[in-house]
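Have the viewer open and click along.

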Amino acid sequence: MENRAVSMEKIVSLCKRRGFVFQSSEIYGGQNGAWDYGPLGIELKNNIAQAWRREMTQLHDSIVGLDASILMHPRVWEASGHVENFTDPLVDCKKCNARFRADQMDEEKLAKKECPECGGELTDTRKFNLMFKTHIGPTDDNSNTIFLRPETAQGIYVNYKNVVQSSRMKIPFGIAQIGKAFRNEIVTKNFIFRTCEFEQMEMQFFVKPGTDDEWFNYWREQRWAFYKKHGVRMDKLRWHQHGKDELAHYAKDAYDIEYEFPMGFKELEGVHNRTDFDLKRHTDYSGKDMQYIDQDNGNERYIPYIIETSAGLTRNVLMFICDAYEEQKIGDKGNADDWRTVLHFHPLIAPVTVAVLPLMKKDGLAELAKEIQAELREDFRTDYDQSGAIGKRYRRQDEAGTPFCITVDYDSKEDNSVTLRFRDSMEQIRIPRSEIAARIQSEIKNYTRT
Ligand code: ATP
């Protein structure tokens, strides 16, 4: 089937038009680096989060959840190295005041200190810390500075002993957490790809030193399989191993899963071997013993190594939308109806699973359709739409990524059958009303994108 190329402009426009993502504070001209999730967007984001949490906690018996606070003791960020090292190299243009990350600039222009936007003179490169600072309490002097967390991981490390003691976890085990993180990014661009406020899905897996390489490989495989399972086109993903100069201060080895966004291959998730760096530092800074005591092995004591899988939830939202997006040619009339925009979401993450559409509002069809929707509601995320021609309603559902539509017509009143329409193939079949739920369940289980 003929189709047109996807671009970031098209994605941004669809997201606004259909209520996935809105600009933050739009009526005031927008707030850089912040976005709001609309009715479809919040469903999609929640479904991705739920799929991740299910994968981590329900399908692995040694991983438990946590929800740590965003505000943490400032010493945490000294221990973690963020106060000292969580910086980007910044240059400003003295003429137009534009700001750039020196490591992302054209090297020649940087060497000549020439602004890429206006040709003006650039300042020297200086280190800029990405953590947002604020004050806690009624006075705003330096004694009560507090940071918005730039990653969720530290909330897990400082709670690791609490989890071991309260849940009797034995190494190897993991702690999974989804939550907001904040970074004062110098350049926010590409829509929700890089923002100042975002969400992360992080899992920290605690292992015995010496077994870390093995677990690192295991988690790389698991994370790759997650995207496959949720319908991502695997030729759009690739691995990128961090070179020596790229490795974070705490890492022994690190691989990114990169996705081919409209602007090229970019990081989606990182799998890192963080060694015992964080727990050792928290031992030093807090004075508390962070050793694990292996009661099954003669009370052997050691600081565990940590394998981290760190994915951006909001970046995943963008990835799933880009990956699902397609404009297909479906007619030859020479007008706009020749094309449809469709989002091929996996049914597990689609904001709406099934839409129920009465062919007509009258003659009891609307009532019957609502009755069917009420039956399906317990098991699926449903929508109901009775306005406009049926073809237009299918297009609306295609654009929202709804994988199944149930259409109720005059025959339905006679023989209790309905039409089941598939989003990807646009195929329509007739099935008894009593079989709708079971059929959709099995279609979800066996879904592959066509
Ligand atoms: P980048 O190189 O893109 O700045 P990073 O290597 O600093 O990212 P990590 O610290 O490893 O990223 O964060 C883990 C994940 O969190 C990333 O893979 C990404 O999905 C997400 N993430 C990081 N920074 C942002 C941001 N500013 N906006 C949205 N998502 C982000």
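Let's start with aromatics: ring pairs link Phe205, Trp215, Tyr218 and Trp219 into a cluster. Keep in mind that this is a predicted model.

**Aromatic pairs**

- The count of aromatic pairs comes to 16.
- One of them is Phe193 with Phe261: the ring centres sit 5.3 Å apart and the planes meet at 75°, so this pair is edge-to-face. The cut-off for that label is an angle over 60 degrees.
- Phe193 is in the loop between strand E10 (173-182) and E11, while Phe261 belongs to strand E13 (residues 253-261), so the pair ties together parts that are 68 residues apart in sequence.
- Buried or exposed, Phe193 and Phe261? Both of them are buried.

**The ligand and its shell**

- The ligand has 14 residues around it, and the closest are Glu185, Arg194, Thr195, Glu267 and Leu268.
- Sorted by class, that shell holds three nonpolar, five polar and six charged residues.
- On its own the ligand would expose 590 Å², and the protein buries 85% of that.
- Which elements give two or more residues to the shell around the ligand? They are strand E11 (197-207), strand E14 (264-275) and strand E17 (305-312).
- E14 gives the most, with four residues in the shell.

**His272, on strand E14**

- His272 is found in strand E14, the strand that gives the most to the ligand shell.
- The relative accessible area of His272 is 10%, so His272 is buried; the cut-off for that is under 20%.
- The side chains of His272 and Glu308 are joined by a polar contact of 2.5 Å.
- Setting aside neighbours within four places in sequence, His272 is in contact with Phe216, Tyr250, Asp253, Ala254, Asp256, Ile306, Ile307, Glu308 and Ser310.

**Tyr157, in helix H6**

- Tyr157 is part of helix H6 (residues 153-157).
- With a relative accessibility of 0%, Tyr157 counts as buried.
- Which side chain joins that of Tyr157 in a polar contact of 2.5 Å? The partner is Gln204.
- Again leaving out neighbours within four places in sequence, Tyr157 is in contact with Gln204, Phe206, Arg274, Asp278, Leu279, His282, Met290, Ile306 and Glu308.
- Ile306 and Glu308 turn up in the contact list of Tyr157 and also in that of His272.
- For a sense of scale, Tyr157 and Ile192 are 35 residues apart in sequence and 28 Å apart in space, C-alpha to C-alpha.

**The overall picture**

- The secondary structure comes to 14 helices and 24 strands.
- Along the principal axes, the C-alpha atoms fill a box of roughly 75 × 65 × 45 Å.
- The protein has 450 residues, and buried ones make up 49% of them.
- Among contacts with a separation of 6 or more, 66% come from residues 24 or more positions apart.

- As background, most residues other than glycine have a negative phi, and most peptide bonds are trans.
- The peptide bond from Ile171 to Pro172 is cis, with omega near 5°. Pro172 is found in the loop between helix H7 (160-167) and E10.
- Thr275 is not a glycine, yet has a positive phi of about 55°. This residue is found in strand E14, and at 13% relative accessibility Thr275 counts as buried.
- Met426, also a residue other than glycine, has a positive phi near 60°. Look for Met426 in the loop between strand E23 (417-422) and strand E24 (428-432).
- Met426 has a relative accessibility of 22%, so Met426 counts as partly exposed.

Terms used. Residues are numbered from 1 along each chain as its sequence is written. This is a predicted model: local features need pLDDT of at least 70, side-chain atom pairs count only at pLDDT 80 or more; totals for chains, interfaces and linings use all residues. Side-chain values use heavy atoms; hydrogens and water are left out. A residue is near a molecule or strand if one of its heavy atoms lies within 4 Å of it. Accessible areas come from the Shrake-Rupley method with a 1.4 Å probe; for residues, only the protein chains shown count as cover. Ala, Val, Leu, Ile, Met, Phe, Trp, Tyr, Cys and Pro count as nonpolar, Asp, Glu, Lys and Arg as charged, and the others, Gly among them, as polar. Buried means under 20% relative accessible area, exposed over 50%, partly exposed in between (1.4 Å probe, protein chains only). A polar contact is a pair of N or O atoms within 3.5 Å; within protein, one must be able to donate a hydrogen and the other to accept it, and residues adjacent in sequence count only if both atoms are side-chain atoms. Contact means heavy atoms within 4.5 Å. Rings of Phe, Tyr and Trp (its six-membered ring) pair if their centres lie within 6.5 Å; planes under 30 degrees apart count as stacked, over 60 as edge-to-face and the rest as tilted.
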